[in-house]
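My notes follow the model.

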Amino acid sequence: MSSLASSRLRVLSHQVATSPNVQEAPCAGRGFRFTLDNSILTHNQREFYERNGYLVVKGLVSLEEIDTYRKHFEKICNGEIKVPNMVVMRDVAIAKSEFVAGEKAVTKIQDFPYYEPLFDYCRHPQIVKYVECFCGPDIMAIHTMLINKPPDPGTKTSRHPMHQDLHYFPFRPADRIVCAWTAMEKVHRANGCLVVLPGTHTGTLKQHEYPQWEGGVNKLYHGIQDYDPSYPRAHLEMEKGDTVFFHPILIHGSGTNRTSGFRKAISGHYASSACDVIDYSKAISPAVKKEMDAYVLKRAGARVDLEDIWKFRARLVKGRSLNFEL
C-alpha cells in the first residue's frame, strides 16, 4: 500500500475509532510509544492515537459546564472581571479597524491558571483521567486558552497556520505532553474547525516562521514553512462538549470562520511534571527567540529566562510538581 493510501486509511478510520458504539476492554500492553498503560483507553482508541496522534472523545464535558465557561469569558470581555497576568488578544483585522467593545473585540484569552472558574476546566475529572493516559500521574497544566474565532471580515486573518505546538514549549520528551481541546459549540468546516495531518506526530519539530499572508497574521501565530500541502487532512467537526486530545508534534491548524458567529473552544496543554526543561534558545530560530524575549520583557517588565516564564505559567493539576519547581 502506498504511503498516500495508508494516510487516507488512517483518516477514514477516525469514524470507527471515535464511535460511541465501539465497546472494548481497557487496553494495556507492549509496543506503545505515545500512550501509557491505563484503564481508560480501549484498544481501538489507543491504537488510533498511536497511528494518528489525536483522539476525539464525544460529550466529555457537560453543556452546563461549557455555558459556565462562556459566562466567565463574557464577564472578562466586558471588563467585569480583571485577572492578573492573563492575556487578552484581539484579531489583527479588528485591531486595525474601529474599536469594538466587549466579546466581539476579543479573539482569545490565555494564561488563566489562577482564575479558578476557568481553571476548573483543566482540573475537570473527565479531562484529567484521559490526560493521565498520555502524561502519567504527575500532571502540570502548562498552557491555557479560550479561543473566540471571529467571523472573517474578508482578510482571512481568522485562519491559524499549520503548526506544531511543541514549537512554543521548552519541555521534553514531547510524548509526555498532550493538548485537550473542547468545542464550546458545534464546530465545522464553515466556522473553522481544527484541521490535522494524521500521523505527523511521528515526525520531528519543524522550522516555524510567520506565513506570508495577505491581510496579516496574528501575533505569535507562527506556521510551518515546508510541510506537504497535498498530505491528507482530517477536519475535526465536533459537537458542543466533544474533546480532542492531540500530540504536540501533530501538524494542525484551523481554517477561516466563514459564518456570522464566533466559534468558541477552550483548551489546556498538559505535561508530565517529570519532563525536563531544555534551553529554549537552542530549540527555536533567532528571529523567534528575539520576538519571544521582547514579549517576555513587555509582560514581566524585566529580562527573564523563557524557561522560568513557562514554569511560572504552569500549575499543578495532579500528583507532584517535580521538575517544575521554580
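I checked Asp242 and found this residue buried, at a relative accessible area of 3%. I am working from a predicted model. Asp242 pairs with Lys58 in a salt bridge, 3.5 Å from N to O. Lys58 is partly exposed, at 42%. Lys58 sits in the loop between strand S1 and helix H4, and Asp242 in the loop between strands S11 and S12, so this pair ties together parts 184 residues apart in sequence.

I searched the whole structure and got 12 salt bridges. Another one is Arg313 with Asp111, with the closest N and O atoms 2.7 Å apart. Helix H9 holds Arg313, while Asp111 is in the loop between strand S3 and helix H6, so the pair links parts 202 residues apart in sequence. Both Arg313 and Asp111 are buried.

I then looked up Glu116, which meets Arg315 at 3.0 Å, N to O. Glu116 is partly exposed at 33%; Arg315 counts as buried at 17%. Shared partners join Glu116, Asp120, Arg123 and Arg315 into one salt-bridge network.

Next, cysteines. How many disulfides are there? The count is 0. The sulfur of Cys122 has its closest cysteine sulfur in Cys179, at 9.8 Å, too far for a bond. Cys122 is buried at 0% relative accessibility, and Cys179 is buried at 1%.

Last, packing. The largest nonpolar core has 58 residues; Leu118 and Trp181 are among those touching the most other members. Helix H7 gives the most to this core, 7 residues. A separate core of 21 residues includes Ile142 and Val296. I listed contacts of Leu118 beyond four places in sequence, including Tyr69, Phe112 and Ile266.

Methods:
Residues are numbered from 1 along each chain as its sequence is written. This is a predicted model: local features need pLDDT of at least 70, side-chain atom pairs count only at pLDDT 80 or more; totals for chains, interfaces and linings use all residues. Side-chain values use heavy atoms; hydrogens and water are left out. A nonpolar core is a set of buried Ala, Val, Leu, Ile, Met, Phe, Trp, Tyr and Cys residues joined through side-chain atoms within 4.5 Å. Buried means under 20% relative accessible area, exposed over 50%, partly exposed in between (1.4 Å probe, protein chains only). Helices (H or I, at least four residues) and strands (E, at least two) are DSSP runs, numbered from the N terminus. Contact means heavy atoms within 4.5 Å. A disulfide is a pair of cysteine sulfur atoms within 2.5 Å. A salt bridge is a side-chain nitrogen of Lys or Arg within 4 Å of a carboxyl oxygen of Asp or Glu.
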